[in-house]
Amino acid sequence: MKGKIRFQEFFKRNYVFFIAALVIFAWHTQIGLDGDSIWFSEQLEETSYLGFLTGRYQDWTSRLLIEAGLLFFTGHVAAWRIVDTAVWVFLLYGMAKLIEEDYTAQFAGTVCLLWACYSLKDMDGAGWIATINNYVWTLAFFIGLLLILKKNLQGQPIKWYVGAAGVVLAVFTCNHEQGVAVTFGSIFCCILYMAWKKIKINQWVWGYLAVAIASLGFILMCPGNAVRKQEEIITYFQDFEELTLWNKLDMGITPICRYSIMDNNYLFLIFLSLLCIIIRKMPVASWKKYLAFAPIIGTVAIRYFLKEIEKFMPGIVNVIRPIGLKGTYVPGSGWSVLALLFYAVMIALVLWELCMVWQADREDGMLLFATLGIGYGTAFMMCFSPTILISGTRTYLFWQAALVIASGHLWNKYMEKADRQKMMVMIAGFAALSLAVHTDYICLG
């Protein structure tokens, strides 16, 4: 009887993930080999796993664990569909658990809807299987590692098998360049926070940090990464070595601003809406409440009404066009200066709103700054690689995950019951719009 009651309670809390699994698997039945996935599926016809990985380490990449998985799964697509569905469901579950330990079914549904707002077509940049295994799996492993770190932050003991599983998660996460950066950054921030709060740092956490440092050294010393960098400079970005520090900073900051503000990035709109509503309910001066609308008004105006604005300001449409190969700024271009000024004002306003939350709750503010800062950093770091021009928006996945975490936290902690329901309807609307606009969610043909 007790077992039946426990199962009913478990199902009532987690039924959303079962629905998500069915939807995700139905989508996966439409995914086959394409792009780089086809190339990986053919490699074992002429060589062995060891021969392939040895060659790749010498000539192209340090992502040996990821590519070993690709060799197997591109040859067993049916198995990949099942495993990848499980990875996606774990990612959704992990995000909900990370934000709220005792999450409700409604909150789990909100997290799923937030992820449905993500432009999934970003994951077809190099073929569905190849891109998803490189990025989504790395993110899922990282979320699993964060769940273990959360236990230490809460002062809970980490059982040996959980700690050992964390080592495996850390090793796989850190096989990816952005993965090792986000892992090191997150563990470092956690250690600083625990030292500040005088929380005992579990020995497993030091082990995860050691894995991140060792993986970083492995990546930096890999001869294949050096070879790939030179080949990509010659093939795609011959001016890369001539870039100044200003050019690189420009390329690291402004593309993600453009992606968040000007593209169909619904997660950013949701995040701005939540911030605006929260500040409107704070006991602050009226002008601050009105100013809180500025970021979302600016985003909506530049994204959806630029043609109307152009009638009064001819030429302003140039602001949303990519300007130059070395960043947004182009000497002598007034429009590039205007674009940079617009980005700077938007960033300043969002930071101001986050500071308002920080003033209301210091720990919440720190969490939001750390989450968004680390997520943004994974995209910013691409400016130091010539791959920035060919990797596309798939490298923004961690930034999008940061927006999901931040939005989910704001929705869960600061929204009253009535406001939560209204916001959930709005999030569902954005999810439906995302499905309609980004048809790769539904039809891959």
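**View 1. Cysteines without partners.** Zero disulfides are found in this structure, which is a predicted model. Take Cys174: it is in no disulfide, and the nearest cysteine sulfur, in Cys190, is 13 Å away. Cys174 is also buried, at 2% relative accessibility. Cys355, by contrast, is partly exposed at 32%. Its closest cysteine sulfur belongs to Cys189, and at 16 Å that is too far for a bond.

View 2. Ile19 sits in helix 1, residues 2–28, and is partly exposed at 48% relative accessibility.

**View 3. Lys150 and Glu101.** This salt bridge, with its closest N and O atoms 3.6 Å apart, is one of nine in the whole structure. It links helix 7 (Lys150) to the loop between helix 5 and helix 6 (Glu101), 49 residues apart. Lys150 is buried at 13% relative accessibility, while Glu101 is partly exposed at 26%.

**View 4. Lys281 and Asp419.** The closest N and O atoms of this salt bridge are 3.3 Å apart. Lys281 lies in the loop between helix 13 and helix 14 and Asp419 in helix 21, so the pair ties together parts 138 residues apart in sequence. Lys281 is partly exposed at 49%, whereas Asp419 is buried at 15%.

**View 5. Asp361 and Lys413.** These side chains meet in a salt bridge at 3.2 Å, N to O. Asp361 is in the loop between helix 17 and helix 18, and Lys413 is in helix 20. Asp361 is partly exposed at 23%, as is Lys413 at 43%.

Terms used:
Residues are numbered from 1 along each chain as its sequence is written. This is a predicted model: local features need pLDDT of at least 70, side-chain atom pairs count only at pLDDT 80 or more; totals for chains, interfaces and linings use all residues. Side-chain values use heavy atoms; hydrogens and water are left out. A disulfide is a pair of cysteine sulfur atoms within 2.5 Å. Buried means under 20% relative accessible area, exposed over 50%, partly exposed in between (1.4 Å probe, protein chains only). Helices (H or I, at least four residues) and strands (E, at least two) are DSSP runs, numbered from the N terminus. A salt bridge is a side-chain nitrogen of Lys or Arg within 4 Å of a carboxyl oxygen of Asp or Glu.
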